[in-house]
Amino acid sequence: MQLRKLLLVVSFLVGCMPLLKAQKLTTEQYIAIYKGAAIEEMRRSGVPAAIKLAQGIVETQSGNGWLVLNSNNHFGIKCKNNWTGKTVSYDDDARGECFRVYETARDSYKDHS
């Protein structure tokens, strides 16, 4: 009987594993986190912060997309032939495309400018 209860509890917990993922960011949270980088780049480059944030929200699914989580790439910037930094492969327009990897979100925001 004890073994049966244990198996039931373990089965339940294993079944709940997909629900235990990290909480997703909301659009409001994305804005709160990255508005400083967007404003900094607006002052430096003239690109409106609202435009940067809007594109970042769309490109990253409000900071929850695979590409941003694995590369800090907030704008879907592809490698091109002049990129010498780290890269990651991601299926976008074509399979296994090369995307830039950034050390920080600010680096991605700056490169976008």
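## Helix H2 and Gly-36

Helices are DSSP runs of H or I with at least four residues, numbered from the N terminus. Gly-36 belongs to one of these runs, helix H2. The model discussed here is predicted.

Gly-36 has a relative accessibility of 32% and therefore counts as partly exposed, since that class lies between the buried limit of under 20% and the exposed limit of over 50%. Ala-49 is 13 residues away from Gly-36 along the chain, and the C-alpha atoms of the two are separated by 8.9 Å.

## Packing of H2 and H5

Two packed helices are described by the angle between their axes and the distance between the axes. For helix H2 (residues 27–45) and helix H5 (residues 105–112), the axes come within 10 Å and cross at roughly 40°. H2 and H5 are therefore oblique to each other, because the angle is neither under 35 degrees, the limit for roughly parallel, nor in the roughly perpendicular range of 65 to 115. The crossing is right-handed.

On the H2 side, the contact is made by Tyr-30, Tyr-34, Gly-36, Ala-37, Ala-38, Glu-40, Glu-41 and Arg-44. These meet Ala-105, Arg-106, Tyr-109 and Lys-110 of H5. Sorted by class, the contact of H2 with H5 holds six nonpolar, one polar and five charged residues.

## The loop between H3 and H4

Most residues other than glycine have a negative phi. Two residues in the loop between helix H3 (49–60) and helix H4 (66–71) call for a note here: Gln-61 and Ser-62. Gln-61 has a positive phi, near 55°. Ser-62 also has a positive phi, near 60°.

Ser-62, at 8%, counts as buried, because 8% falls under the 20% limit.

Strand S1 (residues 87–90) pairs with strand S2 (residues 97–100) in the antiparallel sense, over four bridges.

Definitions and conventions. Residues are numbered from 1 along each chain as its sequence is written. This is a predicted model: local features need pLDDT of at least 70, side-chain atom pairs count only at pLDDT 80 or more; totals for chains, interfaces and linings use all residues. Side-chain values use heavy atoms; hydrogens and water are left out. Two strands pair if DSSP finds at least two bridges between them. Axes are lines fitted to C-alpha atoms, for helices over the stretch in contact, and angles run from 0 to 180 degrees between N-to-C directions. Angles under 35 degrees count as roughly parallel, over 145 as roughly antiparallel, 65 to 115 as roughly perpendicular and the rest as oblique. A crossing is left-handed if the near helix is turned anticlockwise from the far one by less than a right angle, and right-handed if clockwise. Contact means heavy atoms within 4.5 Å. Ala, Val, Leu, Ile, Met, Phe, Trp, Tyr, Cys and Pro count as nonpolar, Asp, Glu, Lys and Arg as charged, and the others, Gly among them, as polar. Buried means under 20% relative accessible area, exposed over 50%, partly exposed in between (1.4 Å probe, protein chains only).
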